[in-house]
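Subject: Structure handover

Hello,

Here is the structure for your files. My notes follow below it.

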Amino acid sequence: MKFFWIIPFFLLQGTEAFLMKNAKVKLCLQASPQNGNLLLEDCNPESDFQDWSWQGDSLMNHGTQSCLSVVGANRVQTSLCGSVGYTSWNCSNSLLSPLGRSPEAVYLVANRKGVTLSDMRGPKAQWQDVADRSVCEERAEQDGYFFAALASTHVYDYSEDNATLALGIDQEKLEELLWFFRTEESSTWNYSVLALSFVAMILGLVLLAINIVQNRRRKIYMYREAVQTAQQAELEAKQALKPVQEYSPAELRREEPVPQDERSGEVVVQWKDGTFTSLYTE
């Protein structure tokens with residue numbers, strides 16, 4: 001099945017490059033883009049010229065796209081992969097030695113000028129990554145990815161009952177990967193989401209209009225109740241006050257009854273109930 005070719009491809013592409021740091025000088029191997037020379041500089045993970053990766057038995061620099069090669073007796077530099085100076089390397093115990101050079105074992109060693117070949121086996125000949133792991137471990141990991149990819153090409157079909165595949169990935173993990181790399185048409189889903197968004201917007205506008213109308217009616221009702229309460233209070237206050245009737249002096253004289261037994265010199269008082277009382281009686 002074609003899906004099994006996609007997974008190994010991304011596994012191989014996901015192998016990260018590593019820095020080659022010398023265990024003695026604590027500097028990283030850097031390729032020069034001008035002349036192919038090799039330098040020892042401070043480790044910089046963001047520099048492509050310090051990124052190396054195993055391509056089979058060769059070490060390729062990602063910045064120059066060239067391989068680590070031996071030129072002359074002990075000179076080491078970068079050259080085009082597959083050219084005459086193309087060199088394969090053997091890695092063991094953090095030591096890098098060129099294959100097919102001479103019976104005497106020589107290793108890639110750091111010195112003041114850069115790197116060279118020597119029979120030294122000390123820390124100057126040991127190469128690690130920034131995590132202090134041997135570059136040989138990086139090669140073993142990439143070889144593991146490669147063999148897993150080769151094994152995956154022999155898998156043509158699988159059943160739902162088989163939970164373990166040749167890649168060592170269970171069925172659930174494989175379904176997640178297939179979902180990630182799927183390319184199905186998503187227009188239906190996009191249109192559905194757009195329609196739901198439009199319906200939600202209309203529903204929100206309707207609820208907003210209903211809320212505004214209800215608030216306006218509540219305010220009108222509260223205003224009418226306040227007006228009625230004020231009118232009722234005003235009416236009660238008017239009823240509590242007793243009206244005073246005004247009379248003119250002529251009307252008072254006309255309406256005042258003259259007592260029949262009134263005599264000269266007497267003081268008569270008219271009370272509110274209409275009765276007359278003489279203050280000075282015999």
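E138 is buried, at 8% relative accessibility (buried is under 20% relative accessible area, exposed over 50%, partly exposed in between, with a 1.4 Å probe and protein chains only). This is a predicted model, where local features need pLDDT of at least 70, side-chain atom pairs count only at pLDDT 80 or more, and totals for chains, interfaces and linings use all residues. Residues are numbered from 1 along each chain as its sequence is written, and side-chain values use heavy atoms, with hydrogens and water left out.

Salt bridges

E138 pairs with R133 in a salt bridge, with the closest N and O atoms 2.8 Å apart (a salt bridge is a side-chain nitrogen of Lys or Arg within 4 Å of a carboxyl oxygen of Asp or Glu). R133 is partly exposed, at 28%. D129 joins R133 and E138 in a network of salt bridges.

The structure holds four salt bridges. One of them is K21 to D132, at 2.9 Å between the closest N and O atoms. This pair links distant parts of the chain, 111 residues apart: K21 sits in strand β1 (residues 21-22), D132 in the loop between β12 (127-128) and α2 (135-152). Helices (H or I, at least four residues) and strands (E, at least two) are DSSP runs, numbered from the N terminus. K21 is buried at 11%. D132 is partly exposed at 46%.

K238 and E234 also form a salt bridge, with 3.7 Å between the closest N and O atoms. Both lie in helix α4, four residues apart, about one turn of the helix. K238 is exposed at 54%, and E234 is partly exposed at 45%.

Helix α4 and the annotated span

UniProt, in an unreviewed entry, lists residues 189-213 as "transmembrane region". Its positions are given in the numbering used here, feature names are shortened, and annotations may be inferred rather than shown by experiment. The span is 100% helix and 0% strand, and its end C-alpha atoms lie 37 Å apart.

A nonpolar surface patch includes F198, M201, L205 and I212, and the whole patch has about 1,000 Å² of accessible area. Patch residues have over 30% relative accessible area and no salt bridge; like charges are joined within 9 Å, nonpolar side chains (Val, Leu, Ile, Met, Phe, Trp, Tyr) within 5 Å. Areas come from the Shrake-Rupley method with a 1.4 Å probe; for residues, only the protein chains shown count as cover. I212 lies in helix α4 (residues 187-240) and is partly exposed at 45%.

Whole chain

The chain has five helices and 14 strands. Of its 282 residues, 26% are buried.

Best wishes
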